[in-house]
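I opened this entry to keep track of what I looked up in the model. The notes follow the order in which I went through it.

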Amino acid sequence: MAANFVVYLAIFTFTAAFSGALASDPDLLQDVCVALPSSSGGVKVNGFACKDDANVTAADFFFDGLAKPGLINNSVGSVVTAANVEKVPGLNTLGVSLSRIDYAPGGLNPPHTHPRATEMVFVLDGELDVGFITTANKLVSKTINKGEIFVFPRGLVHFQKNNGDKAAAVIAAFNSQLPGTQSIPAALFTATPPVPDEVLTKAFQLGTKEIDKIKSKLAPKN
């Protein structure tokens, strides 16, 4: 009986560890590992190298950038302010981060994915239409209001749209220190080097002129 218990415990421990590794960032192996900027070393690691403990300060764990609305100055009407490991070095190896997203009336956070994290949004103000698309092409959507939350599973295409006549804002939580964001329109139409026109025309069943028009509208403004 004891031997069986040990076997079961070993299997459970391995399964939990393996599942955890897939679900979020790797676990830390020390109390803190404050990130050193990539330019500090020349060594590339999965994450960031650790700052010397003697040089760690409270500032490495502090960020006030989510305290006020971000400045919206783009055509889609939304702006994301990230509080990830690049802004808060103390998040390195901790597997969490936040963002604030502000939306103008009618503003959209265009369809995008986070390849390394599940996202949960908490509505600070306003009303949003949100949704994600499963790999079976099913749209899961809902209207959410102040004080409510919605979850976007890791890697799935999702969006948020402010259909109200007032500004809206959310706090987004991620189970990654650097979740990554890939905007679907930008990835397809503003990649460098560009995605070949023959790929885009066939995929979207559009002519070259229409593709060029979309590219010109999405091109970064100088």
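I looked up the pairing of S1 and S2 and found six bridges in the antiparallel sense. Strands here are DSSP runs (E, at least two residues), helices are DSSP runs of H or I with at least four, and both are numbered from the N terminus. Two strands count as paired if DSSP finds at least two bridges between them. In this pairing Ala 83 stands opposite Leu 98 in S2.

I noted the terms of the model before going on: it is predicted, local features need pLDDT of at least 70, side-chain atom pairs count only at pLDDT 80 or more, and totals for chains, interfaces and linings use all residues. Residues are numbered from 1 along each chain as its sequence is written, and side-chain values use heavy atoms, with hydrogens and water left out.

**Sheet**

I then followed S2 to its other neighbour. S2 (residues 97–103) pairs with S9 (residues 168–174) over seven bridges, again in the antiparallel sense. Ser 99 stands opposite Ala 172 in S9, and Tyr 103 has Ala 168 as its bridge partner there. Six of the seven residues of S2 are buried, and the strand is mostly covered. Buried means under 20% relative accessible area, exposed over 50%, and partly exposed in between (1.4 Å probe, protein chains only).

I wrote down the strand order of the open five-stranded sheet as S1-S2-S9-S4-S7, with antiparallel pairing. S1 and S7 are the edge strands, each pairing on one side only. From one strand to the next the twist averages 25°; axes are lines fitted to C-alpha atoms, for helices over the stretch in contact, and angles run from 0 to 180 degrees between N-to-C directions.

**Strand S8**

I looked up S8 next. It pairs with S3 (residues 108–113) in the antiparallel sense over three bridges, and with S5 in the antiparallel sense over five bridges. Asn 109 stands opposite Gln 160 in S8, and Asp 129 stands opposite Lys 161.

**Core and surface patch**

I searched for nonpolar cores, meaning sets of buried Ala, Val, Leu, Ile, Met, Phe, Trp, Tyr and Cys residues joined through side-chain atoms within 4.5 Å. The largest has 16 residues, and those with the most contacts inside it are Val 121, Leu 128, Ile 144, Phe 150 and Val 170. S2, S4, S5 (127–133), S7 and S9 each supply at least two residues of this core. S9 gives the most, with four residues.

On the surface I found a nonpolar patch of Met 120, Phe 122, Ile 149 and Val 151, with about 330 Å² of accessible area together. Patches are made of residues with over 30% relative accessible area and no salt bridge; like charges are joined within 9 Å, and nonpolar side chains (Val, Leu, Ile, Met, Phe, Trp, Tyr) within 5 Å. Areas come from the Shrake-Rupley method with a 1.4 Å probe, and for residues only the protein chains shown count as cover. S4 (119–125) and S7 (149–152) are the elements that give two or more residues to the patch. Val 151, in S7, counts as partly exposed because its relative accessibility is 34%.

**Salt bridges**

How many salt bridges does a search of the whole structure find? I got four, a salt bridge being a side-chain nitrogen of Lys or Arg within 4 Å of a carboxyl oxygen of Asp or Glu.

- Lys 51 and Asp 60 meet at 3.0 Å, N to O. Asp 60 counts as buried because its relative accessibility is 8%.
- Asp 102 forms a salt bridge with Arg 100, the closest N and O atoms being 3.0 Å apart. Both Asp 102 and Arg 100 are buried.
- Asp 125 forms a salt bridge with Lys 146, with 3.7 Å between the closest N and O atoms. This pair links distant parts of the chain, 21 residues apart: Asp 125 lies in S4, and Lys 146 in the loop between S6 (139–145) and S7. At 40% relative accessibility Asp 125 is partly exposed, whereas Lys 146, at 58%, is exposed.
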